[in-house]
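Work through the following exercises with the coordinates open, and try each task before reading its solution.

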Amino acid sequence: MSSTTSTAPAKHKSISYAKWGYLFIAPFFIIYITCSLIPLLSTFYNSLFENYMDGLKQIGPNFVGLDNFVKLFTPRSDGRLEILNYTINTMVMWIMGAVPQVVFALLLAVIFTSERLKIKGQTFFKTVIYMPNLIMASAFAMLFFQIFSSVGPINQIITASGGDVFMFFDKEWSTRSIIAFINFLMWFGNTTILLMAGIMGIDQSLFEAASIDGATSTQVFFKITIPLLMPIIIYVVITALIGGLQMFDVPQIITAGSGRPNNTTKTLVMALNSYIGTSKNYGMAGAVSFVLFVITGILSFIVFRSTEPKKEGKKK
Amino acid sequence: MKKRIMAVLLAAASVVAVAGCSNSGSGSSNSTTTTAATAAADNGGAAAADTTAGGGDAAPAAAGSDEGNVFNIYAWNEEFKGFFEKYMPGYDAGAATLNGVPVKWTINPSDDGVYQDKLDAALQAQASASADDKVDMFLAEADYILKYTDSDYTMDISQIGLSQVDTEYTYTVQAASDSNGKIKGVSFQCCPSALIYRRSIAKEVIGSDDPADVQAALDSWDKYDAVAAKAKDLGYYMHASFAETYRVFSNNATSAWVTNGELTIPDVVDKWTEQAKSYYDKGYILDTLPGVWDDGKTAQMFADGKSMCFFGPAWYFNFCMGNAQDPDKGCYGDWAICEGPQAHFWGGTWILAATGTDNPSLVADVMRAFTENEEVCENLVKNEGQFSNNKTVNAKFANDPDFGNAFLGNQNDTAVFSEMTDNIVWANATIYDQLCNEKYQEFIKDYINGTVDKNTALANFYGYINEKYPAVVTP
């Protein structure tokens, strides 16, 4: 900043452009504050109150300090801490869907952008792989619920070939796998498109140089594509993480809100919905949201740190 | 460019295909959310109000003649809507108007408490809603009617010019009364619940399909257990769903789900749990453990089904046994009813007037039509197989030797139900009953199929109740 210029009115040469800078970034901050920061703070504020409906009667709001958080972190009678259970459920189902999602998308993106392969009908394939994303998650969940139900087509095939009916939604791992698979199916197309954009942004001459030097496809992939694609991969992972932590519609519909079997498919947002849905329990719902926010923050930080290039240590 | 068009076309085609599948799926699982706004043409509105005032039933309408322009009804399924559209005097099916006032239905499924949640939101917004958006009339079920009758959101029926009628069954009036004894609504059906059995299977298992013989063979739980063992030996299931007998036990409860804010599992519900567990272990019921409403269970109603008994009132076999009535795969006429091991009731639909309604005289007309109007009640019994809430009408059919329900092999179901009504007890209702009943069945399933032990299953249930009802203290 040139603070000296402002004290010298005689000189008009140097103008401060800073104010224009601030003006141009202002819309972001205004929107961030009104649409993100204030709701965040008011959620926390709400979590400090006892405030719900008992039937049609309003209870509260009464200030109760951190009681709602204490309640949330009190294990139930058999020693299980449900909030931890819900967090684990969410993370497990997210990882089961997100890992194949990124790997698969990366593979497709490399294939589609490969100068050597020159795949025909790219637009067609891109449309097809993106399509599941256009269908509502709830429709997807209902469809899969029917397909895997005790009288659905999968079980008809099983019984027709002499097997016993398999109750997919009464077993922990089959229910989780179906939920993860739906999420994978819905989102891998979107990830593919993002990664393709990233790969196409890499200078083609690098690939050419590598192939002239005799690099194999594997070497090109690991030494050129992956390192240069890192910023996009981080973006993809973080957005997928945030989306994954908010997993709700698919498990909610597939298990009719119960998180069966044995609460192994109940996610954090399903718990949030339980609190807010019937009793309008803003206190507990606020507490769950705040916990979710903290978890998201911590995980995003970890992802960011672990993928940061190591040389950056000696910063300018 | 051609490729792009091709891609878009393909995309559209598969979206339509998938959407189509999921639609039919949701339809069969009974959970579609339809907001059936019946083409409420605005233009007829003003004129409509006049006709109502003039052409009304000459009722002692306490409410003035200023009727609103839209008659808003909240319901959780299409059952009453169907009866209303067919039999309500003054209803014009073409224009979807009642006495000239457009009727607007808002239908939300009751699964997971959705209907109550939506209705509560609408009632709480009632004061500030514009006249045409105010809830005028809504339906409530036995499991949660208390929540509404015991609140200021419903009107005493005397306020809209009705009084208790002797022809109504006592329990339907008790259920519609608030804790001070004020009557807040009427029921258009009386719901004693019977044992519904497949005649052909009963012939093989019990040796007769005559209701009297079957009743004699199944009039206690001990006998029921014995017959269940026999049915299994012959390759049949005693009943399909593990929760089939739930209501038989739960609606004979001697204690409430919640007393003074504390939840306790009623003894009878615990007894049911033992029965369900032992029936599953012994193979008396389907080992896939479908719930009462699941496709796995309703598939058993087809002719090739292997289940002998179902439990339910008149609305159940008329409205929920579509598979049995299927012209190709069903077994119409192969059914009959008897009281079974224990008298009980199940469900029932009460009509309540929302406080703040701008169509009070229309609400009164509907209430009167479906309880006092003998022609309407007769149609319900005769054409719809309902058991009406009008003793005179029911007695007429019960005593008619020629009357019979073709679905039940021409058995006179009205006569059977008439005898059962005296044994119905309305007691121990709480505002939390719907989710307690529904979710208990769901969470205890993990125990019945051996996924977890009983305490864990109960802890999961308590956890759910804690989340849904912060005011309720669980063990």
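The exercises below concern domains and nonpolar cores.

This is a predicted model, in which local features need pLDDT of at least 70 and side-chain atom pairs count only at pLDDT 80 or more, while totals for chains, interfaces and linings use all residues. Residues are numbered from 1 along each chain as its sequence is written, and chains are lettered from A and ligands numbered from 1 in the order in which they are written.

**Exercise 1.** Describe how chain B is divided into domains and which helices supply the side of domain 1 that touches domain 2.

*Solution.* Begin with the bounds, which come from an automatic or database domain assignment: domain 1 of chain B spans 42-190 + 348-398, and domain 2 spans 193-346 + 405-468. Next, taken over C-alpha atoms, the centres of these two domains of chain B are separated by 30 Å. Then count contacts (C-beta atoms, placed from the backbone, within 7 Å): 23 residues of domain 1 of chain B meet 24 residues of domain 2 of chain B. On the domain 1 side, at least two residues each come from H5 (145-149), H6 (170-175), H15 (374-384) and H16 (391-398) of chain B, where helices are DSSP runs of H or I with at least four residues, numbered from the N terminus. Finally, H16(B) gives the most to this side, with four residues.

**Exercise 2.** Locate the largest nonpolar core and the residues with the most contacts inside it.

*Solution.* First apply the definition: such a core is a set of buried Ala, Val, Leu, Ile, Met, Phe, Trp, Tyr and Cys residues joined through C-beta atoms within 7 Å, and buried requires 20 or more other C-beta atoms within 10 Å of a residue's own, with C-beta atoms placed from the backbone. The largest core then has 136 residues, and B:Phe138, B:Met238, B:Met308 and B:Ile351 have the most contacts inside it. Both domain 1 and domain 2 of chain B contribute at least three residues each to this core.

Methods
Contact = placed C-beta atoms within 7 Å. Buried ≥ 20, exposed ≤ 12 C-beta atoms within 10 Å, placed from the backbone.
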